[in-house]
Amino acid sequence: MSTHTIILSPGGIVDGLKDVLTDWSAAGLISDFHWVTPDMVASDGIDALHISQGRITAVELSSLVGTRGVERVRLLSLLPALAEDDSHSDLSDEMRLAQALESGLDNAALTLARVIVAQSDAPTKVPQLALPGWHTVLLSPEDSSEPGAGRTQVQGLDDPAEIARPLAPALAAFAGLWRGVEESPLDARQPEPGRVLRLGRGFYRRLDGAAIEEALRQSVFSMHQGLPLPVVQGASSVYVEDSALATKRMSEQFWARHGDVLKGPREELPSQGPTQVGFGQALKYFFGFLWAALCNAPRSWAAGVVNAVKAKTAAGVHSLVFGNDPSAYQVVAGGVRSDGLPANWQEVDQALTSMGQVLDDGELDHYAHPDLQLFWNDYRAASLTLADGGDRVRGLGAVSIGSRRGVLRSPEQIVPGPRHRFTEVPPNLAPNVSRTVVQPYDVRGISDLNSSLQIAAQQPGLGMSATQAEERLNSWHAAYRNSFAHHVADGIVWGLANVQHEVRGLLSRLAQAAGADSEAEQVAAEQKKLARRMMWVSILALALIAVPIVLGVMQRIAVKMMVIALIVLSVAWLITLLVMFYKGQRRLFHLLTARRQLELEQEVLHHNLRFALADCKRLSRVYRDFLDWSVVIGSVLDQPFGAGSSEPAVRVYDVNDLPLSTRLGRAVVDDRQLMNVSAALRSIVYPTQWLDSCWEAWVTDARERVQPVGARIPLNGDPGAVFAYELNDLGAAWADLLSTAPADSSVSDRRWSEVLRYVDDRRPDLVNALLQRIVVTERSGESIVLAPDDFFGGLAQSETAGRQRLDSSLLSDEAKTSGDSSVDVSFRRDVHLGMSRIIVLAQLSRAVEEFHVSLLDDSTAGPVSWGDAADPFAMPDEQTDVRPEASPKARRRDQGPAPLPDVFGGEAF
């Protein structure tokens, strides 16, 4: 509720109240208020001093009155009765200020009160104490620690601060200034009719339990001491002893659902390959070669034979890849950069992307891509299930240990948070390594860093530090090797390695097609050699054939023998040439076979290469997204409730010079009791699947913090809906933010409020067990330890009215005898701010007619007229005797009956 408090002061000694209240405002004990003096009240406007957290600024009350949303304004006018020369606010100032507030407020409630400030031995008299239509409260000139306890009268003091200090708690209570209570006992009461007033006093206790609350909050919410054991149908879950087995099985179940992410569609190579070159085909090639040899063109013949089988498509693909980016081919095929050093995984991904862009003709959009939304949602669900035992996805259920559910002991066994990253690379090695920071699940990054350190270890001057850094890296990596995130990363890297190996094989196969032209040139170049050898064999054969012919002509042998010899030699000649040709053309025949095989496979190879490169691109993106989402999920598991508690808007500081009625205490942490209460709360507030609400809260936090992408994050009641929108950009932006600045305390604040409500409603004994030792600093500066009953005293009792009396030193004997100082109204507010506690107790006596107060100077009749009795804000008429009618008791006290004023028409009031 928007409430403003205005205090009208005539100045002088009562300004000590302003000083005390300002100090308490700076200490965080009281709320903002406005202080007005008579010289600030003018016909054209009213100025005021706004006091907030000890700072004083000048404002105009017109701006306050005109503010929309104000529900209540309190005006308290101070009437001092402290010294003979006390100045008093002119009645017209009070009326003008009240009228200005009433006319300017829009449907806001207005509380008017006159507060009389006096010591018990007040030497001064006041002509009028009570105002009709106003509450009138005389601050009881006393100081006591609690109702019913012994009290010290406020008397004989000259220092304004010493006078104000014991009276300020009552003024703060009736003005509704105590921070955390901002309510006045006068708000709900109607002013007393007639000229009456009440004595009033106030008490205040504030127990600061912030330290215990923060310690308990950290103990309940912190995952550093281990994940909580959720409660399932009244039974607590248990910790999984073999965490490596649990994470391994969960990752296997995960990849069984998402194996299609690792590899896309492929076409099978033709099942029937080309046949070898047969004898008939060889004879055809033989006679063709002979004819070409006779024509002195064996090279042209070989080129024609080879070109008859085309493999230009495959050769063109390979040429395109090589010609566009030869360094990318070198990185993909050989795994090394142009400088001969091993390529890291980002450089391999970039090279694969470059090659994929060369070959991509848009055909890849014609097949259904894997559902990465489901992939990431299942990764999140599996991670949270290992932590809280909730069954979120069929096939990724919680670990069962007998009849009970099992959870892992710590978040780092699932997805380690950013605080677990490796950062121990010495500065002198930073220029020589691929990276200086690596996450526990970044398998490729760890491998790259390890390789870089091994290379650096071989350089002069870096060997020792590089070796030590490598040992630290390996030791650190071993601690997280069996985490669930690491197993998932292993699956992605395994799939990516297989696809990259496939790409290298396809490129090698296509390289054969590209190298076929040069081989054909070599084969063609060999044809002349073969033709020359065959020519010499033919010359020899012809010479041998000529021998039987000559012998036959010379009739040395029979014609029949000559013919037989000619036939045998000719056949031997042809067979020899054929054998020489067949053996000499094996390379040619092998080339023809390879060409025919490539002719059948080239389209399939082209297709598979494009899809393999697309898989590499997708898996590389999946891996980068995996790193980003692992940062997010690891942060949620590590700090499910955000970054601890928020700083209080106003900090409360210790104040030593407090009156007896006001006491500040600080609860002391008992570590053993804290552990017991924390264990009890952790067994209560963590059901199965408790992380879902935390995840939704983190997504809400991201919606507000990650801009502009985060502004488009939907929730729609689905914890995984975030993965369907702006996945890549959101994951990277969110991960970058969480790496340096975890989620704010809003997540923790909301959850802790729920815990406190539960404790207040069902288990208040848990909190009370922690608030048994309260440290209080005395005015002397000494610290003492009190029990709660001693600290709160009678303020902790809900009913105190009628059993105590206020200081009656300013009342008449008749009022004292009649018990008018007895407590008639007890306004008690017990407020719990977390584990801190504030008790405000304001007490009012019975209504006392003002003539029973020794402060009233009834010997003078001042010009105080209210005009029409129905209008308490009407200005006085200076020409009219305005002394109000006295009560019957007053008439008996006076010498004879008092005449009735004309304003009442001559009749009794």
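**Notes on a predicted model**

At 27% relative accessibility, Ser 2 counts as partly exposed, where buried means under 20% relative accessible area, exposed means over 50%, and partly exposed is in between, with a 1.4 Å probe and protein chains only. This is a predicted model, where local features need pLDDT of at least 70, side-chain atom pairs count only at pLDDT 80 or more, and totals for chains, interfaces and linings use all residues. Residues are numbered from 1 along each chain as its sequence is written, and side-chain values use heavy atoms, with hydrogens and water left out.

Back to Ser 2. Its place is in the segment before β1 (3–8). Helices (H or I, at least four residues) and strands (E, at least two) are DSSP runs, numbered from the N terminus. What is Ser 2 in contact with, leaving aside its neighbours within four places in sequence? The partners are Gly 69, Val 70, Glu 71 and Arg 72, contact being heavy atoms within 4.5 Å. From Ser 2 to Arg 72 the C-alpha distance is 6.8 Å, and the two are 70 residues apart in sequence.

Now the chain as a whole. There are 25 helices and 22 strands in its secondary structure. Of the 909 residues in the chain, 49% are buried. If you take contacts between residues at least 6 apart in sequence, 76% of them join residues at least 24 apart.

Next, the charged pairs. Side chains of opposite charge can pair when their charged atoms come close. The cut-off for a salt bridge here is a side-chain nitrogen of Lys or Arg within 4 Å of a carboxyl oxygen of Asp or Glu. By that count the structure holds 27 salt bridges. I will show some of them.

Asp 442 and Arg 435 form a salt bridge through their side chains, at 3.4 Å from N to O. Are these residues buried or exposed? Asp 442 has 3% relative accessibility, so it counts as buried. Arg 435 has 15% and also counts as buried.

The salt bridge between Arg 618 and Asp 615 is at 2.8 Å, N to O. Both residues lie in helix α17 (residues 586–638), three residues apart, which is about one turn of the helix. Arg 618 is buried, with a relative accessible area of 11%, and Asp 615 is buried at 0%.

Asp 830 pairs with Arg 837 in a salt bridge, with the closest N and O atoms 2.5 Å apart. Asp 830 is partly exposed, at 27% relative accessible area. There is also a network of salt bridges, which links Arg 189, Glu 192, Arg 198 and Asp 824.

On to helices. Two packed helices are described by the angle between their axes and the distance between the axes. Take helix α5 (residues 210–221) and helix α21 (residues 746–762): their axes come within 12 Å and cross at roughly 100 degrees. Axes are lines fitted to C-alpha atoms, for helices over the stretch in contact, and angles run from 0 to 180 degrees between N-to-C directions. The two helices are therefore roughly perpendicular to each other, given that angles under 35 degrees count as roughly parallel, over 145 as roughly antiparallel, 65 to 115 as roughly perpendicular and the rest as oblique.

Which residues meet there? From α5 they are Glu 213, Leu 216, Arg 217, Val 220 and Phe 221, and from α21 they are Ser 748, Asp 749, Arg 751, Trp 752, Val 755 and Leu 756. The residues of this contact divide into six nonpolar, one polar and four charged. Ala, Val, Leu, Ile, Met, Phe, Trp, Tyr, Cys and Pro count as nonpolar, Asp, Glu, Lys and Arg as charged, and the others, Gly among them, as polar.

In helix α12 (residues 372–388), 14 of the 17 residues are buried, so the helix is largely enclosed by the rest of the structure. After α12 comes Gly 389, with a positive phi near 70 degrees.

That leads to backbone angles. Most residues other than glycine have a negative phi, and most peptide bonds are trans. Gln 53 has a positive phi, near 50 degrees. Gln 53 lies in the loop between β4 (45–52) and β5 (55–60) and is partly exposed, at 31% relative accessible area. Gln 689 also has a positive phi, near 65 degrees. Its loop runs between α18 (671–682) and α19 (691–705), and at 30% relative accessibility Gln 689 counts as partly exposed.
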